[in-house]
Amino acid sequence: MRGHSILIASWALAVSIILNRRQLCSGCFLEEKHALLDFKASLNVTTNAHLILSSWTGKEGDGANDDCCTWERVKCSNITGRIVELHLSYLPENMYVDWTDRYVNISTFIPLKDLRTLDLSNNLFNGEVTGICSLKNLDELDVSHNNFYGPTPMCFRNLTSLRVLDLSNNILRGNIPAALITPLVHLEYLSLSGNLFGGSFSFNSLGNHSKLQGFELGPLNNDSHVDTEDLALLPPFQLKVLYLSGCNLNNRTRKIPSFLLYQKEMQILDLSSNKLVGQIPTWLLQNNANLEALVLKDNSFTGPFLVDDSLGINLIQLGISNNDVSGKVPQNIGLSFPAVWYLNLSRNSFEANISHSLGNLTMAETIDLSHNMFSGEVPSQIGTGCLRLRILVLSYNNLHGNFPSGSTNLTSLEFLHLDNNHFIGSISHGLSRSPSLSWLDISNNSFQGKIPSWIGNFSSLEALDMSANLLEGSLPDAICKLSHLEFLDLSKNQLIGPLPACSELTSLMFIHLHHNMISGPISNMLSGSFNLMTLDLGYNKLSGGIPRYIGKLKELRVLLLGGNELHGHIPLHLCQLQNVTIMDLSQNKFSGPLPTCFNKISFGSGQFSKDAFTINLHFSAVEIIWSEHYMTTFSEQEKVIFTTKNRSEHYAGNILNFMSGLDLSCNQLIGAIPPEFGDLRRIRALNLSHNYLQGSIPSRLSMLNQIESLDLSYNDLSGEIPSELASLNFLSIFNVSYNNLSGRVPDTGEFANFDDSNYRGNPGLCGPLLKRSCNPFAPHPENVGDEDLEVDGAIDVAAFAWSFFASYMVIVISLVVLFFREKANMESVQLEHEKEMNWS
């Protein structure tokens with residue numbers, strides 16, 4: 001009987017397989033094959049389409065390729081033959097495909113009834129995710145790092161088999177889908193981070209999720225929040241990953257989640273950017289021996305950072321930057337966290353000496369102690385023990401001595417920031433043992449001596465900042481060897497001598513040599529720097545003219561040559577710099593007329609690109625769950641000084657996008673102001689003061705509708721101030737003092753806010769703002785009584801006296817000139833007569 005039952009069961013199975021095989025196409029189900037081909041077609045790839053899912057073809061009789069179970073990124077069940085897994089992440093990786101805003105139709109996957117794993121991550125797909133709801137057998141769904149939009153479909157709550165749900169880094173909106181999460185009790189990992197969710201979320205929604213190991217949410221809108229304190233009972237789960245960055249966590253108490261006290265298996269904990277207060281609890285580290293990443297940055301933690309000396313846990317990343325943690329760094333921190341790769345204690349209130357035990361961090365690649373109150377010398381143990389160190393940031397402390405003070409083995413060092421401390425002495429030869437340096441910043445210290453010639457051995461150096469020290473001597477020719485250098489700042493030192501004669505700095509984008517004593521002509525040092533965006537040689541002793549190659553630097557945005565001894569005409573080849581936004585040629589000896597072709601320069605259209613110069617060092621804590629970026633940009637580092645509104649201003653980073661100006665003041669320029677200057681419509685500051693300019697003020701300057709500061713003082717301008725200038729709505733500084741202007745001054749618009757200080761030295765100007773009548777026969781306001789104001793045509797006695805005196809002096813001077821001219825003529829005639837007599 002039993003054998004008979006087995007026979008029947010075997011027969012039924014065989015019949016089932018035969019019936020299923022009728023739907024198969026060479027090993028895979030026909031409807032599933034068509035579904036995959038429909039998906040590929042929905043990508044609508046036109047360029048290099050053969051590179052995307054190349055094995056997915058619809059050709060019949062194509063051998064093994066006709067079986068969709070053999071296609072790349074597809075996995076079928078060995079029992080049913082149906083597709084159970086699709087791994088379609090990073091489809092455009094290493095392929096020359098235009099993948100911008102690619103729309104994808106997920107509903108094409110509906111025929112894949114047995115699909116259990118669907119991975120569409122990291123593709124930048126557009127579309128909605130509603131088509132997934134019919135795939136009720138899914139237990140892993142990853143659509144992260146795309147551009148899926150709209151609210152999260154509530155039908156997701158029907159996917160009750162889900163173990164992994166990753167919707168992170170999309171454009172999903174609406175309230176946090178708590179009602180969706182509650183029934184998905186089999187979830188082990190849930191990520192909703194990096195979307196546009198709002199509203200509130202209670203951890204009570206996770207009260208039945210006993211299998212949950214990872215939860216990610218945030219950042220949220222400012223009016224949203226997450227509450228962890230309303231769990232009715234002790235949490236039923238043991239989390240390994242918790243990411244709640246920027247969630248307005250526990251906004252009533254701002255306390256660290258109390259349920260964490262019961263978590264013993266944490267590996268990654270990120271509670272950054274939540275305004276949390278209090279002291280960092282010691283039990284976070286004591287209870288979780290497997291903790292690999294602890295990130296508490298951008299909060300309001302206070303008090304000391306206490307660490308159990310006997311911990312010795314395998315923490316890889318520790319970030320508590322931008323808090324108000326105070327006191328000393330734990331003396332045995334290097335022994336407590338021997339496996340740390342990334343240590344960031346910056347922007348706190350740590351004080352006293354830096355712990356010697358940091359030298360025990362033999363695995364460390366990044367140490368950032370900047371923006372604290374550390375004092376003393378840098379422990380030599382860091383230079384001899386942290387052999388894998390790539391990034392060392394000690395900026396903005398009270399450190400002194402030299403660095404490195406002794407021998408060092410930092411052969412892997414790439415970023416070294418010692419700026420804004422009190423370091424002294426010459427630049428240590430120990431730095432030459434770090435040949436991989438790409439960024440060296442020792443600015444704002446008291447380093448002395450010459451720039452060492454071995455600086456040229458840093459073949460990977462991209463940024464060198466030695467500004468605001470006491471360095472002396474000339475620029476070494478070794479600078480010319482830095483072919484990868486993009487940022488160079490040696491300003492505010494005591495450098496002398498000529499610029500090096502080379503042209504190898506082909507990668508240079510920013511150069512600052514201002515406020516030194518560099519002399520001689522502008523050499524060909526930058527003639528090959530066609531990527532140059534800032535050229536700042538101001539306030540040196542440079543002489544001669546502006547070389548012709550400067551006009552070929554098409555990417556130039558900032559040209560600062562003020563405060564030198566340059567002479568000759570302003571060359572017309574500067575007009576080729578069409579992208580310049582700021583130009584300063586002031587306080588030189590330029591002569592001749594103003595170039596009319598300056599209207600070809602943008603002065604406001606060219607901008608810095610914030611993303612163009614990003615150096616991005618990616619540090620991954622564990623697999624794909626969490627990552628930290630150590631990022632800095634040249635454009636954020638860039639800072640220029642430009643005088644406007646009668647004061648020197650620092651324009652840094654993105655602000656440079658909004659500043660534009662031209663300063664030609666304090667030269668020997670002659671001629672008229674070209675009307676073409678009115679074409680500089682985006683310029684914000686124009687200074688032509690302290691020259692010998694003549695003629696009238698062009699009315700076309702009223703077209704400078706963005707201008708904020710206009711200085712034409714100390715020239716020989718004549719005529720009236722154009723009334724059209726009153727239309728300049730942003731003008732806050734206007735100075736035409738000490739010219740020969742006449743007529744009525746404008747008193748509407750912004751000109752109503754000006755007073756006599758804007759017009760001094762122009763006796764011919766008049767108007768109510770100057771308390772000077774424009775009627776030559778009107779009495780001066782200061783000498784007019786109430787009874788005189790009622791009489792029309794009353795004579796201004798003072799004006800009449802001055803007019804009479806002026807006329808009298810003109811007559812006297814004319815008589816004197818005639819007298820001496822007649823006397824000279826008589827003497828000339830007498831001399832000729834004497835010559836004729838002598839000849840006879």
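1. Strand 18 (residues 277–278) and strand 20 (residues 300–304) run parallel and are joined by two bridges. Strands here are DSSP runs of E with at least two residues, numbered from the N terminus, and two strands pair if DSSP finds at least two bridges between them. Val 277 has Ser 300 in strand 20 as its bridge partner.

2. The model is predicted: local features need pLDDT of at least 70, side-chain atom pairs count only at pLDDT 80 or more, and totals for chains, interfaces and linings use all residues. Residues are numbered from 1 along each chain as its sequence is written, and side-chain values use heavy atoms, with hydrogens and water left out.

3. Strand 20 is also joined to strand 22 (residues 324–327), in parallel, by three bridges. Here Pro 304 is partnered with Ser 326 of strand 22.

4. Strand 22 pairs in the parallel sense with strand 24 (residues 349–353) over two bridges, and Gly 327 stands opposite Phe 350 of strand 24. Strand 24 in turn pairs with strand 26 (residues 373–376), again in the parallel sense, over three bridges; Glu 351 has Met 373 as its bridge partner in strand 26.

5. Ser 355 lies in the loop between strand 24 and strand 25 (366–368). Ser 355 counts as buried because its relative accessibility is 3%, where buried means under 20% relative accessible area (1.4 Å probe, protein chains only).

6. Gln 331 is 24 residues from Ser 355 along the chain, yet their C-alpha atoms are separated by 5.4 Å. The side chain of Ser 355 reaches the backbone oxygen of Gln 331 at 2.7 Å.

Conventions: Helix = DSSP H or I, 4+ residues; strand = E, 2+ residues; numbered from the N terminus. Buried < 20%, exposed > 50% of the residue type's maximum accessible area, 1.4 Å probe, protein only. Polar contact = N/O pair within 3.5 Å; in protein donor to acceptor, adjacent residues only side chain to side chain.
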